[in-house]
Amino acid sequence: LSDCLACDNCMTSEEGARVFQQNQKELFRILNLNKKCDTSKHKVLAVSICPQSLPYFAAKFNLSVNDAAKRLCGFLKSLGVHYVFDTTIAADFSILESQREFVQRYQRRNQDEHALPMFASACPG
């Protein structure tokens, strides 16, 4: 989130409140609270790893992408994170949906003056 441009184009105000809670300081606060209390009172921590981050870690530590994923997952769990999710499948679905929308827009470009151009993006953060 430190790279987020805070453009507010990717979320509603409700999602903004959730994103506000997702930062390093809050993560370590919850991890420390979980260490001090009964496991029945733990807050469940889930981390998602985007496909773009794994090659970075792999290159930085001279590992394969699979080894980087395993080590990163192990590290997060050693900190006290309960679940680690890989969002590669979500990125794949996003690409497929963008492709489908582009083909539909392209096919109706002569009937609908607003069909093209089609703008698509991924968060620069």
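Buried denotes a relative accessible area under 20%, exposed one over 50%, and partly exposed a value in between (1.4 Å probe, protein chains only). The model is predicted, so local features need pLDDT of at least 70 and side-chain atom pairs pLDDT 80 or more, whereas totals for chains, interfaces and linings use all residues. Residues are numbered from 1 along each chain as its sequence is written, and side-chain values use heavy atoms, without hydrogens or water.

**View A. Tyr 56 and Phe 57 form an aromatic pair.** Three aromatic pairs are found in a search of the whole structure; rings of Phe, Tyr and Trp (its six-membered ring) pair if their centres lie within 6.5 Å, with planes under 30 degrees apart counted as stacked, over 60 as edge-to-face and the rest as tilted. One of these pairs, Tyr 56 with Phe 57, is edge-to-face, at 5.5 Å centre to centre and 70 degrees between the planes. Phe 57 is partly exposed, at 27% relative accessible area.

**View B. The rings of Tyr 83 and Phe 85 are stacked.** Their planes stand at 20 degrees and their centres are 6.1 Å apart, so the pair counts as stacked. Tyr 83 is partly exposed, with a relative accessible area of 47%, and Phe 85 is partly exposed, also with 47%. Tyr 83 lies in strand E2, residues 83-86 (strands, E, are DSSP runs of at least two residues, numbered from the N terminus).

**View C. Arg 109 places its charged end over the ring of Tyr 106.** The distance from the ring centre is 3.9 Å. A charge sits over a ring if NZ of Lys or CZ of Arg is within 6 Å of the ring centre and within 35 degrees of the ring normal.

Technical notes
Helices (H or I, at least four residues) and strands (E, at least two) are DSSP runs, numbered from the N terminus.
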